[in-house]
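Student: I would like to learn how to read a structure feature by feature, with the cut-offs stated as we go. Could you take me through one?

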Amino acid sequence: MSWFNRCYSAMEKISLAVNALAQFMVIAFLATMTLTTAAQIFFRYILNAALIWPEELNVFLMAWITFTGSSIALRNMGHIGVELFVNLLPAPLTRVVGLCTKVAILFFVVLLIKYGFTVAQMNLGVSSSALGISMFWPRFSLVAGGLMMLVQALFLLMRDLRAIITKEETA
């Protein structure tokens, strides 16, 4: 049992570090979007010389915010869920449904990473029209966010297993 507690403790630290990184990325990307949008407004309406790249950059950053933000939401169990019927079940069945949910999330995230990487690789030689960067990087947001969600899903699964083993209530 002590090996599980050590694994859980290590996974909790990794999960917290990934969550902190995701929060930093979301804040940095939102700040960048705000600044580029302000620059676009200034150039378009004050200088009458519209920039062509801010809109494209903001679309790419929004993809990164979506997938890294999903990792944060997953860690905090902030995704939409219907708990009406689950809450009517007895506690042992509720825990089983919780475990099945975490396994389903893990399965989905693994598929997201696998197919996201395929999509990113397919766009390796394609350049964006305004920025001229490889389209690999905007598409790689699927993989990066998926890896972050994988860490969080594994942590949540371990947390639920630990609660079952120690007979604690899950969050």
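Tutor: Let us start with burial, where a residue is called buried under 20% relative accessible area, exposed over 50% and partly exposed in between, using a 1.4 Å probe and protein chains only. F4 has a relative accessible area of 9%, so F4 is buried. Please keep in mind that this is a predicted model, in which local features need pLDDT of at least 70 and side-chain atom pairs count only at pLDDT 80 or more, while totals for chains, interfaces and linings use all residues. Residues are numbered from 1 along each chain as its sequence is written, and side-chain values use heavy atoms, with hydrogens and water left out.

Student: How many aromatic pairs does a search of the whole structure find?

Tutor: Rings of Phe, Tyr and Trp (its six-membered ring) pair if their centres lie within 6.5 Å, and planes under 30 degrees apart count as stacked, over 60 as edge-to-face and the rest as tilted. The search finds eight such pairs. In one of them, the ring centres of W3 and F4 are 6.0 Å apart and the planes stand at 90°, so this pair is edge-to-face. W3 counts as exposed because its relative accessibility is 54%.

Tutor: A tilted case is the pair of W64 and F140, with 6.5 Å from centre to centre and 45° between the planes. Helices are DSSP runs (H or I, at least four residues), as strands are (E, at least two), and both are numbered from the N terminus. W64 belongs to helix α2 (residues 53–75) and F140 to helix α5 (residues 136–166), and the pair links these distant parts of the chain, 76 residues apart. W64 is buried, its relative accessible area being 15%, and ring pairs join W64 with F29, F136, W137 and F140 in a cluster.

Student: Which span should the 23 residues of α2 have, at 1.5 Å a residue?

Tutor: The expected span is 1.5 Å times one less than the number of residues. For α2 this gives 33 Å, which agrees with the 33 Å between its end C-alpha atoms. After α2 comes M77, which has a positive phi, near 50°.

Student: Which residues does L74 touch, not counting those up to four places away in sequence?

Tutor: Contact means heavy atoms within 4.5 Å. L74, which is in helix α2, touches H79, I105, M149, Q152, A153 and L156 when residues up to four places away in sequence are not counted. L74 is buried, with a relative accessible area of 5%. T68 also lies in helix α2 and is buried at 0% relative accessible area; with the same exclusion of residues up to four places away in sequence, T68 touches A22, M25, V26, G145 and M148.

Student: What forms a salt bridge with K102?

Tutor: A salt bridge is a side-chain nitrogen of Lys or Arg within 4 Å of a carboxyl oxygen of Asp or Glu. The structure holds one: K102 is bridged to D160, and their closest N and O atoms are 2.8 Å apart. K102 lies in helix α4 (residues 91–122) and D160 in helix α5, so the bridge ties together parts that are 58 residues apart in sequence. K102 counts as buried at 7% relative accessibility, and D160 is likewise buried, with a relative accessible area of 5%.
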